[in-house]
Amino acid sequence: MQQVLRGVPSPPARTDPRSVRTRRALRDALAAEILSTGDLSQVTVTAVSNRAGVTRRTFYSHFKDIPDLVDQVERETVEGSRVLVERIASTHLDELQRSIENLKPCPGSVELLEYFRARGGYLGALLGDGGDPAFAERLKHMVRETVASRALEGIDLLAIGAFFDYYLTFAISAEVGVLVRWLTGGMRESSEAMARIMTALMFVRPGDLYGKKIEFDIPSLGLALLTMRENDDD
């Protein structure tokens, strides 16, 4: 799989209308080539330029190569969605509980999904099987950076440690995974419906689906795991 270049400065984005149209055309052509070839590593500058209706010289006036084009699209997506994730992270648990009781999505989640839906035509290709596997990881990293400190507010101290770290990893991976599934599956559900689904999924326990609730004491579990770790270190 073709690797995306990291940490290499790119030419600054241009804001004149013609340049913006060209960059969008190249971005959409990239997505179309990924879907056509089924493999990002097989996508070439020539193919993307031809599909976009521009010359190779025009391509190189905007991007250094295909990895640079991919990197810029991904960075724009990650940074563009960060403020929307911050809105969701700022939701208090009592506010979230009211939303769930009224069968409403988490505040801010519809707006986040609308952001991705508006860009689904090319994000689905980049996040799909033939795209860049590092893209989803970049999204997860951004979400973790954004929500980690907020998630610690008011938490039971016995849950802090390995349990909390893995819980946060589990929750973020699950939500990003559902988002990717929605985007790559053609976004059949509306943003509103998907926001409700993703909100509910965070509070579904395995037994809930089979009529058998599974209860356990999280603080006690966190303390037990901490004790086990200390014993293993001895």
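Tyr 115 and Phe 116 are both buried, meaning under 20% relative accessible area, where over 50% is exposed and in between is partly exposed (1.4 Å probe, protein chains only). Before going further, a word on what you're looking at: this is a predicted model, where local features need pLDDT of at least 70, side-chain atom pairs count only at pLDDT 80 or more, and totals for chains, interfaces and linings use all residues. Residues are numbered from 1 along each chain as its sequence is written, and side-chain values use heavy atoms, with hydrogens and water left out.

Now for the aromatics. A pair of aromatic rings is described by the distance of the centres and the angle of the planes. Here, rings of Phe, Tyr and Trp (its six-membered ring) pair if their centres lie within 6.5 Å, with planes under 30 degrees apart called stacked, over 60 edge-to-face and the rest tilted. The structure holds three such pairs. Take Phe 59 and Tyr 60: the ring centres sit 5.5 Å apart and the planes meet at 85°, so this pair is edge-to-face. Tyr 115 and Phe 116 also have centres 5.5 Å apart and planes at 85°, so that pair is edge-to-face too.

Zoom out to the whole chain and you'll find 11 helices and zero strands, where helices (H or I, at least four residues) and strands (E, at least two) are DSSP runs numbered from the N terminus. Buried residues make up 37% of the 234 residues. Of the contacts (heavy atoms within 4.5 Å) between residues at least 6 apart in sequence, 68% join residues at least 24 apart.

Met 202, in the loop between α10 (191–201) and α11 (218–233), is partly exposed, with a relative accessible area of 31%.
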